[in-house]
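Subject: Model for you, with notes on helix packing

Hello,

Here is the structure I promised. My notes on the helices follow below it.

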Amino acid sequence: MTSDTATHQTRSGSGTIARILTAAEALFAEHGFDAVSMSAIAEAAAVSKANVFHHFNSKHALYQAVLRQACDKTTQQLKHMVAESGAVAVNLGQFAENHLDNILEHDQFARLILREILSDMPQEQLKIAQQVFGENFSELVKIIHHGQKQCELRADLDPAVVATLLVGANVFFFQARNVFRHFPEVNFADDPAHYTRMMVDILLRGILAPGSGKKHKPVVKSGGSSTA
């Protein structure tokens, strides 16, 4: 086999996988995991069912691949941030904007995942979601923990709580965006980047005016909890 032939076959295989993943994401998003068959995915991707199974040995394996593709931009960004260990304020801002953009780009599939997570998702699918999302969550926690070690963030904070607040704020914006458009006080419904900048700024600096923190100094108890 010549190198040109091998390259052509590699590209052809990559193109087939991309078509299968695109078709699977669209069908999963529209009908849900259980209602979609591998035959339907093959038909939508214009390949044989055997070809689908050649690349993915089960529907669960294909579902996991679709999840990973939907999260790929965020995954790669987080890995780069962990490797570079840059300023945490810059990293969190970049992550927040990229994360929200990625959700909006895969909006139908994101709605499916959120709907399934909030309902009684079958154990096998839940384990897949936990694995894929858990890896990204762990990378985000590493970035926050690095900021604590560099004294950029408070050392008494639980990094997992900070990560949850950041991700949760983006997910809520995604879910409530259409409603926000009808609130006269909201000027960020159609400007996700502006929203993430404000959200991260509040997360990093808080909402108390300079100097007012002396009047409302939190009392930190054992275990990281605090009271005003």
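Helix α4 has a kink of about 60 degrees, centred on D72. The bend at a residue is the angle between axes fitted to the seven residues ending there and the seven starting there. Bear in mind that this is a predicted model: local features need pLDDT of at least 70, side-chain atom pairs count only at pLDDT 80 or more, and totals for chains, interfaces and linings use all residues. Residues are numbered from 1 along each chain as its sequence is written, and side-chain values use heavy atoms, leaving out hydrogens and water.

Helices (H or I, at least four residues) are DSSP runs, numbered from the N terminus. α4 covers residues 59-84, which is 26 residues. At 1.5 Å a residue it should span 38 Å, and its end C-alpha atoms are 36 Å apart, which agrees. The expected span is 1.5 Å times one less than the number of residues. Just after α4, S85 has a positive phi of about 55 degrees.

Now the packing. Axes are lines fitted to C-alpha atoms over the stretch in contact, and angles run from 0 to 180 degrees between N-to-C directions. Angles over 145 degrees count as roughly antiparallel, under 35 as roughly parallel, 65 to 115 as roughly perpendicular and the rest as oblique. Contact means heavy atoms within 4.5 Å.

α4 with α5: the axes come within 8 Å and cross at roughly 170 degrees. The two helices are therefore roughly antiparallel. From α4, A70, C71, K73, T74, Q77, L78 and M81 meet N91, Q94, F95, N98, H99, N102 and E105 of α5. That contact divides into five nonpolar, seven polar and two charged residues. Here Ala, Val, Leu, Ile, Met, Phe, Trp, Tyr, Cys and Pro count as nonpolar, Asp, Glu, Lys and Arg as charged, and the others, Gly among them, as polar.

α5 with α9: α5 (residues 88-105) and α9 (residues 192-205) pack at about 140 degrees, with axes 9 Å apart. That makes α5 oblique to α9. The α5 side of the contact includes L92, G93 and L100, and the α9 side includes Y195 and M199. By class there are 11 nonpolar, two polar and one charged residues.

α8 with α9: the axes of α8 (residues 159-180) and α9 come within 11 Å and cross at roughly 150 degrees. They are therefore roughly antiparallel.

Best wishes
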